[in-house]
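This briefing is meant for a reader who is meeting the structure for the first time. Please keep the sequence and the model in view while going through the points below.

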Amino acid sequence: MRSLPSIIHLDMDAFFAAVEQAAKPSLRGKPVIVGGLGGRGVVSTASYEARKFGVHSAMPMAQARRLCPNAAFLSGRFEAYRQVSDTVMGLLRELSPLVQPLSLDEAFVDLEAGPYGPALAEADHETGERLVLALAEDLRSDIQRRTGLTGSVGAAGSKLMAKIASEQAKPDGLVMIEPGQERVVLGPMPVRALPGIGPATEQVLRRAGLNTVADLAQAGESELVQLLGRAHGAGVHQMSIGLDDRPVVADQDAKSVSVEDTFEVDLADRDRVLREVEVLAARCVRRLRAAGRSGRTVVLKVRRFDFSTLTRSETLRGPTDDEAVIIETARRLAAQVDITGGVRLLGVGVAQLADYTQEDLFAQALREEAAEHAEAEDEEAEEEPEEAGPRRWMPGQDVHHAELGPGWVQGSGVGRVTVRFETPWSGPGRIRTFAVDDPALEPARPLPLRGDEGPEEAGA
């Protein structure tokens with residue numbers, strides 16, 4: 001345990017929703033809810049304006065619509081969130097090489113390992129705390145200047161307490177917990193405040209009459225080991241008395257890349273299941289390539305109609321990011337699954353990640369076979385052009401119109417799409433409606449939230 005609160009934890013405030021508000025001037029100060037928009041979708045993030053109505057993350061989207069029917073419901077833009085996250089993480093790495101991201105919007109930083117480490121080591125306790133607070137305030141100011149967003153920061157002598165402090169700081173605040181005050185701060189908190197205590201563990205502890213962190217500390221290690229097992233019980237007791245010596249680990253490596261979808265109606269047709277698996281596998285490959293990775297194990301996740309979940313996996317000869325190989329493997333795994341009664345959720349992932357891709361003869365053979373098959377079909381098929389289906393526009397999606405410039409989709413249906421034309425640097429923009437297949441309207445990449453190019457494009 002450290003005598004100086006030199007570990008900080010940054011947690012961006014309502015990150016996905018805040019990015020959408022920063023990108024869309026007409027949504028600023030209004031409730032915004034980001035997540036899956038289907039009947040079984042769930043909320044990823046709700047803005048603070050929406051939280052006043054009781055909306056929170058992981059809530060079913062149908063319930064969120066009932067609680068806050070006038071909110072803007074958006075499907076989410078992962079590329080935009082990644083761009084902003086890269087900017088924020090870059091600012092953290094200016095403070096220290098030891099930055100441990102937990103997600104796109106959350107990370108630990110060890111200030112003692114950075115350029116201010118020597119000053120912290122030489123300073124007396126009071127001066128050291130003032131320096132930590134100054135660095136944290138500068139970080140919050142830099143994030144707002146570069147992105148227009150706010151983040152909450154906690155500073156403490158351990159990762160456990162730094163995260164507790166950032167929760168207390170929300171929204172848009174800074175809290176420092178001085179070393180030695182851990183038990184005073186933790187004691188009144190519910191047991192769920194400690195990491196690793198989920199609903200099941202909470203119920204076990206409640207049945208034993210342990211409701212607060214102070215109760216856990218008073219119970220002692222032996223009782224917690226009896227209740228939770230040796231490893232978990234000992235770890236929970238250590239945290240309950242404020243002890244946490246876990247180091248900040250730089251750029252903790254992802255163990256897998258995966259995507260999944262929950263369906264509004266259970267899928268009972270095997271051909272439909274296989275088609276959905278192909279789509280998911282292709283999305284997974286795009287995400288894998290965007291991360292510059294390859295993987296050796298393909299994993300299929302299936303949640304059945306009765307909420308039972310099963311996984312199937314197959315390990316390849318070597319790491320690959322070849323779409324044909326991953327799709328074919330995922331299809332083979334799906335063919336082994338009993339779908340009687342229907343499938344509620346499907347997921348495809350790639351694990352055992354590597355930074356390189358071995359030459360895969362199997363992938364080459366698959367590509368050649370597919371090319372030969374396509375050529376044979378072309379020779380047999382009548383030369384009739386296929387009709388392309390209508391384009392699908394998702395709420396929140398970035399678009400560009402040949403005459404009107406950049407904007408975003410407010411909604412679509414019955415062959416029409418409604419677009420609001422505004423940029424992060426303009427005021428609220430005007431709304432126009434087009435046919436979904438209007439050739440002048442195209443999908444676009446996210447615009448930066450800040451930058452010298454902003455005002456110029458806003459005026460275009």
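This is a predicted model: local features need pLDDT of at least 70, side-chain atom pairs count only at pLDDT 80 or more; totals for chains, interfaces and linings use all residues.

**Buried residues**

- T201 belongs to helix α9, which covers residues 199–207, and when its neighbours within four places in sequence are left aside, this residue is in contact with G196, L228 and H232.
- G114 is placed in the loop that lies between β6 and α5 (117–122), and with a relative accessible area of 12% this glycine is buried, since buried means under 20%.
- Not counting residues up to four places away in sequence, G114 touches L95, S96 and P97; for P97, which is 17 residues apart from G114 along the chain, the separation between the two C-alpha atoms is 6.2 Å.

**The sheet with mixed pairing**

- Five strands make up an open sheet whose order is β5-β6-β1-β7-β8, and the pairing within this sheet is mixed.
- At its edges stand β5 (99–103) and β8 (174–176), each of which pairs on one side only, while neighbouring strands of this sheet are turned against each other by 15° on average, with direction ignored.
- Strand β7, made of residues 151–156, pairs with β8 in the parallel sense over three bridges, and A155 stands opposite M176 in β8.
- Helix α7 (residues 159–169) packs on this sheet and touches β1 (7–12), β5, β6 (106–110), β7 and β8, with its direction making about 140° with that of β7.

**The antiparallel sheet**

- As background, the strands of a sheet pair through backbone hydrogen bonds, and they do so either parallel or antiparallel.
- A further open sheet is formed by five strands in the order β16-β15-β14-β13-β17, and here the pairing is antiparallel.
- What leaves one side of β16 (430–435) and of β17 (441–443) without a neighbour in the sheet? Both strands stand at the edges and each has a single partner strand, so one side of each remains without a neighbour there.
- From one strand to the next, the twist of this sheet averages 40°.
- Strand β15 (residues 416–421) is joined to β16 by six bridges, the two strands running antiparallel, and R420 stands opposite I431 in β16.

- Helix α14, which covers residues 323–335, has 13 residues and reaches 18 Å from its first C-alpha to its last, close to the 18 Å expected at 1.5 Å a residue.
- The N-terminal end of α14 is capped by D322, which has a side-chain oxygen 3.0 Å from the backbone nitrogen of A324.
- Several residues of α14 are buried, among them V325, I326, I327, T329 and L333.
- The axes of α14 and helix α13 (residues 270–290) come within 9 Å and cross at roughly 145°, and the crossing in which α13 passes α14 is right-handed.
- Which residues of α14 does α13 meet? They are E323, I326, I327, A330, R331, A334 and A335, and the residues that meet them from α13 are R270, L274, V277, E278, A281, A282, V285, L288 and R289.
- Of the α14 residues in this contact, I326, I327, A330 and A334 are also buried.

Key:
Residues are numbered from 1 along each chain as its sequence is written. Side-chain values use heavy atoms; hydrogens and water are left out. Two strands pair if DSSP finds at least two bridges between them. Helices (H or I, at least four residues) and strands (E, at least two) are DSSP runs, numbered from the N terminus. Axes are lines fitted to C-alpha atoms, for helices over the stretch in contact, and angles run from 0 to 180 degrees between N-to-C directions. Contact means heavy atoms within 4.5 Å. The expected span of a helix is 1.5 Å times one less than its number of residues. Buried means under 20% relative accessible area, exposed over 50%, partly exposed in between (1.4 Å probe, protein chains only). A polar contact is a pair of N or O atoms within 3.5 Å; within protein, one must be able to donate a hydrogen and the other to accept it, and residues adjacent in sequence count only if both atoms are side-chain atoms. A crossing is left-handed if the near helix is turned anticlockwise from the far one by less than a right angle, and right-handed if clockwise.
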